[in-house]
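Welcome! Take a moment with the sequence and the model below, and then we can walk through them together.

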Amino acid sequence: MNNREPKQFAEIKSEHQISAARFSHDGSVLVTAGYEPVVRRWQFDGKTLAPLPSLEGFHGYSTAIAFHPKLPHLFCADTWGQLRCCEGEKTLWQHGAAHDGWLRQIAVSPDGGRIATCGKDQFVRLWDAATGKKLAEHAAGEDVYALAFSPDGQDLAFGDMRGRLVVMDHDLKKPQRTLDASALYKLDRIQDLGGLRVLLFIDGGKTLLAAGTTPQNGATPQSVPTILHFDFASGALTRTFTHGANKEGFIHDLVQHPDGHLMAVTAGTPGSGMLFLTNPADKEPFHVNTKMANCHSLALHPDGKYFVVTSTNRDSNGNGRSLGKNGEYKTNSSPLHLFEM
Amino acid sequence: MNPLCTPGDHLLSRRAFLGGGLGALGGLISPAVAEVMRERDKQVLFVWMDGGMSQLESWDPKPDTEFGGPFRSIKTSVPGVHFCELMPKLAKQMHKLCVVRSMCTKDNAHSSGVDRIQRGDPKNRGVPYPHFGSGVAKLLGPGASGLPPYVWIKPGSGGFRAEDAGFLGPKYGSLAFGDGKPPENLLRHPDISAEQDSARNELRSMLDQRFATKREKRVVEANASVFDMAEKLMARADIFDTSRLPERDRERYGRNDFGQHMLVARQMLEAGVRFVKVTSYGWDTHGDNFNAHATMVPKFDQAFSAMLEDLEASGLLKTTLVICLSEFGRTPRINGHVGRDHWPEAWSIAMAGHGVRHGTIVGETNDKGTWVKSQPYDIGSMFHTWYRALGIDPLRTEFDNAGQPLPIAHDEMIPIKEALA
């Protein structure tokens with residue numbers, strides 16, 4: 001593996017808090033979702049990001065975003081259950097209530113023919129990517145946080161609030177097996193902590209990674225970023241990778257670089273947070289960047305040369321009145337950090 | 001119209017009252033009034049969401065606004081009033097509730113805030129004020145049941161918390177039942193006969209009398225009251241036992257500690273306990289606020305709404321003042337840990353039952369939920385309101401601090417008229 005050290009070459013200010021970021025299939029456009037009912041678009045030229053017209057008309061928070069692997073089609077969703085397919089600013093199809101409430105994640109099948117969605121309404125749904133027609137649905141019985149297609153498109157894995165990892169066939173007809181990712185979950189009094197936040201197939205589908213945190217306490221979570229490695233064929237948990245102190249919290253985003261290494265971002269106690277790069281079999285990351293606070297998303301450019309991390313401004317927390325210079329109520333924002341490998 | 005009198009109006013009325021010659025009586029101003037109060041079996045259920053429940057994810061949603069969070073709002077049984085979607089059961093019972101959305105209090109720290117809120121944050125008199133439960137225990141007494149007047153059902157350990165009572169003296173402290181269970185060794189040991197037990201108690205009484213000659217009166221009273229409480233509880237050990245209830249009841253309240261503690265609280269109220277506090281811990285969501293509330297608020301919604309239904313069905317809602325609050329709310333802005341921090345500036349308290357106006361929203365916050373837009377209310381106003389709801393005139397009733405008359409609630413505040421029936 002080529003353990004290249006990334007270098008940050010630009011930081012773009014944003015007035016909003018970003019929870020997800022992804023590049024289009026050709027790398028020309030970056031989209032972001034976050035704590036606002038808007039999906040923002042940015043033109044990327046290899047040097048900087050320039051704002052493009054945003055996608056409006058969402059509600060609550062924009063949450064999930066995913067690009068078609070071959071077409072310039074963007075699938076995006078919000079916390080009120082809307083699911084939309086866009087090409088540029090144009091809406092190709094849309095469901096106002098694809099889920100009852102918070103639509104948490106979208107996965108696109110490797111061939112781009114189907115998309116899968118999951119939500120707080122405890123459903124996993126399968127849609128025709130071209131038309132938006134609902135193809136199938138599965139009542140999961142829990143708030144489903146994450147999902148992913150296997151690289152061959154034959155399986156769909158999803159993980160829920162309680163760390164239950166279910167594998168189903170690609171058309172959602174029958175559950176094949178359930179894997180135990182309950183290390184990512186804990187009940188603390190009446191709070192369900194943690195949950196399976198990110199799923200990622202690596203090694204051509206031989207390994208399935210389930211990421212989140214190892215929960216310790218409720219209310220203000222103090223916990224360690226965690227990645228569970230499952231042998232996909234047998235379902236066996238082969239490795240538990242943790243990194244950082246218990247203030248580091250959750251792995252919020254996890255991708256695999258074409259060179260094979262994993263790239264993850266974390267956010268925990270305000271002010272903490274990091275980007276780390278590690279080889280899947282290594283005990284320690286070969287690169288750790290703690291200069292960015294509370295990182296929530298990582299968008300890897302398709303060519304593997306660039307990536308973007310969204311973080312949170314320092315001093316994002318505070319009890320009671322915290323007013324700006326002009327007496328205004330202070331808000332937080334997410335700088336976009338541009339890196340090259 | 002401003003529902004508040006000015007502080008000056010209030011001071012005048014109190015002075016005028018004291019000038020009437022009743023102020024020097026100490027304790028309850030009028031024993032006759034006290035007797036009337038005792039005759040009425042008013043009770044209080046005080047639900048404490050420790051750490052600070054988010055007003056935006058519960059009573060005062062601001063959907064689709066800058067700080068409104070991810071959730072939708074839903075209609076309630078009162079037209080025009082919306083709750084967060086996480087409270088569907090309580091939304092159907094809004095017509096029983098009175099929600100004050102304009103709370104603006106002073107303290108943004110747990111360490112001091114919990115005490116300040118539960119003591120009503122009165123003016124500094126150099127003595128610790130009693131918690132509301134202790135105040136009610138003092139003013140209304142144990143009632144006909146004779147059971148401990150101020151009990152506290154909480155997760156974790158139990159015990160007697162004398163400090164709640166402040167200057168009222170340890171007798172009015174809270175008796176905490178850890179995990180809703182009775183105190184250890186509550187029942188008489190099977191090896192001890194009733195006669196032996198009685199003989200032991202006689203001996204204890206005799207020793208107590210000797211003890212009393214050399215001790216402060218209120219310490220002696222507290223000491224004796226512990227034995228009285230134990231005696232009453234021994235006779236009513238059944239109030240801790242929910243296993244005899246229909247399975248449906250236990251399901252309705254939720255198979256979690258808060259739900260089951262609320263069910264024990266219902267039994268305590270049914271048995272006639274004057275003041276029942278139930279605490280739910282874990283609401284200090286500085287991190288992962290939305291997922292935390294998504295899992296916790298529905299459990300609160302389930303148990304609290306089941307309680308309201310049952311109190312109404314049994315008729316107890318007519319005589320029980322129900323209060324739900326925290327030490328503060330949570331910040332509108334979202335920190336980097338996806339959390340909300342402490343926010344005393346604009347938050348909500350919910351009430352139901354005896355003495356409050358049902359189906360009412362009092363006050364409002366601005367569109368973003370950052371500040372109170374209407375008349376703000378501090379906790380002192382709530383103490384006035386609660387005492388008034390219980391039939392105690394906070395302007396004409398005083399505590400006796402060893403001969404020093406002290407107001408039972410902040411003496412520059414008055415009840416919220418809109419909140420009262």
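How many residue pairs are in polar contact between chain B and chain A?

## Where the chains meet

The count is 26 residue pairs, both at pLDDT 80 or more; a polar contact is a pair of N or O atoms within 3.5 Å, and within protein one must be able to donate a hydrogen and the other to accept it, while residues adjacent in sequence count only if both atoms are side-chain atoms. On chain B, the elements giving two or more residues to the side that touches chain A are α9 (257–271), α10 (289–314) and β11 (342–343). Helices (H or I, at least four residues) and strands (E, at least two) are DSSP runs, numbered from the N terminus. The largest share, seven residues, comes from α10(B).

In contact (heavy atoms within 4.5 Å) are 45 residues of chain B and 47 residues of chain A.

## Salt bridges

Four salt bridges cross the interface of chain B and chain A, each a side-chain nitrogen of Lys or Arg within 4 Å of a carboxyl oxygen of Asp or Glu. Asp192(A) and Lys299(B) meet in a salt bridge at 3.0 Å, N to O.

## A helix in chain B

Helix α7(B) covers residues 217–235. Its buried residues (under 20% relative accessible area, 1.4 Å probe, protein chains only) are Val220(B), Ala222(B), Ser225(B), Met229(B) and Leu233(B). Among the elements covering them are β6, β7 and α6 of chain B.

## About the model

This is a predicted model, where local features need pLDDT of at least 70, side-chain atom pairs count only at pLDDT 80 or more, and totals for chains, interfaces and linings use all residues. Residues are numbered from 1 along each chain as its sequence is written, chains are lettered from A and ligands numbered from 1 in the order written, and side-chain values use heavy atoms, leaving out hydrogens and water.

Note on methods
The expected span of a helix is 1.5 Å times one less than its number of residues. Buried means under 20% relative accessible area, exposed over 50%, partly exposed in between (1.4 Å probe, protein chains only).
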